Amino acid sequence: LNAETPAHLLDDDITPYERMFVRNNGLVPDTAMNMNAEGWTFTVDGEVDNPLSLSLDDLKSQFENVTVRLVLECGGNGRAFFNPGASGNQWTTGAVGCPEWTGVRLADVLKAAGIKDTAVYTAHYANDVHLSGDPEKDAISRGVPIEKALAEGGIIAWAMNGAPIPA
């Protein structure tokens, strides 16, 4: 799916939910559609001394909660203007927004897991279903260099503009 916001509607200091672009690399899992995060877990394993499996309540209660205004932009924003053209969604300028996100610092969670000096990159996986519907295929996995994961501003968010993040 993709849905970009006309650029003339992106002039708010805080992008309202209704004007936030939508971009999915897979199908939204059925478990997300009921918006009930009970039973969900966030797992940190791999290059750590203390693997963690945290519920949403664990994240909220065991780490400092922060609210930050951060820009989120699709990597393909502006692709429609590339010359020569590029494949993929033909975004113009509306695949960007600046909502307020509430969550915990990714760095705090990684430090609690005892991230090792040998860690170089994060890998993120979710229950999203591949666009083909094949449960054996990963929808997408994106990660970030450890330096970026530990930098100020990286958060694990559960709310956008004070409300739960929609499916």
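Tutor: pLDDT is the predictor's confidence in each residue, from 0 to 100. This is a predicted model, with a mean pLDDT of 89 for the chain.

Student: Which element has the lowest mean pLDDT, and which the highest?

Tutor: Strand S1, residues 2-3, has the lowest, at 68. Helix H3, residues 106-112, has the highest, at 98. Across the chain, 95% of residues reach 70 or more.

Student: What makes S8 and S9 a pair?

Tutor: Two strands pair if there are at least two bridges between them. Five bridges join strand S8 (residues 100-105) to strand S9 (residues 155-160).

Student: What joins S5 to S8?

Tutor: Five bridges, again with the strands antiparallel. At least two are needed, so S5 and S8 pair as well. Here valine 68 stands opposite tryptophan 101 in S8.

Student: In what order do the strands of the open sheet lie?

Tutor: The order of the four strands is S5-S8-S9-S10, with antiparallel pairing.

Student: Why are S5 and S10 called edge strands?

Tutor: Strand S5 (65-69) and strand S10 (163-164) each pair on one side only.

Student: Where is threonine 102, and what is its bridge partner in S9?

Tutor: Threonine 102 is found in strand S8. Its bridge partner in S9 is alanine 159.

Student: Why is threonine 102 called buried?

Tutor: Its relative accessibility is 16%. Buried means under 20%, so threonine 102 counts as buried.

Student: How do you know that threonine 102 makes a polar contact with threonine 67?

Tutor: The contact is between the two side chains, at 2.8 Å. The cut-off is within 3.5 Å, for a pair of N or O atoms with one able to donate a hydrogen and the other to accept it. The pair therefore qualifies as a polar contact.

Student: Which residues is threonine 102 in contact with, leaving aside neighbours within four places in sequence?

Tutor: Val66, Thr67, Ile155, Ile156, Ala157, Trp158 and Ala159.

Note on methods:
Residues are numbered from 1 along each chain as its sequence is written. This is a predicted model: local features need pLDDT of at least 70, side-chain atom pairs count only at pLDDT 80 or more; totals for chains, interfaces and linings use all residues. Side-chain values use heavy atoms; hydrogens and water are left out. Buried means under 20% relative accessible area, exposed over 50%, partly exposed in between (1.4 Å probe, protein chains only). Contact means heavy atoms within 4.5 Å.
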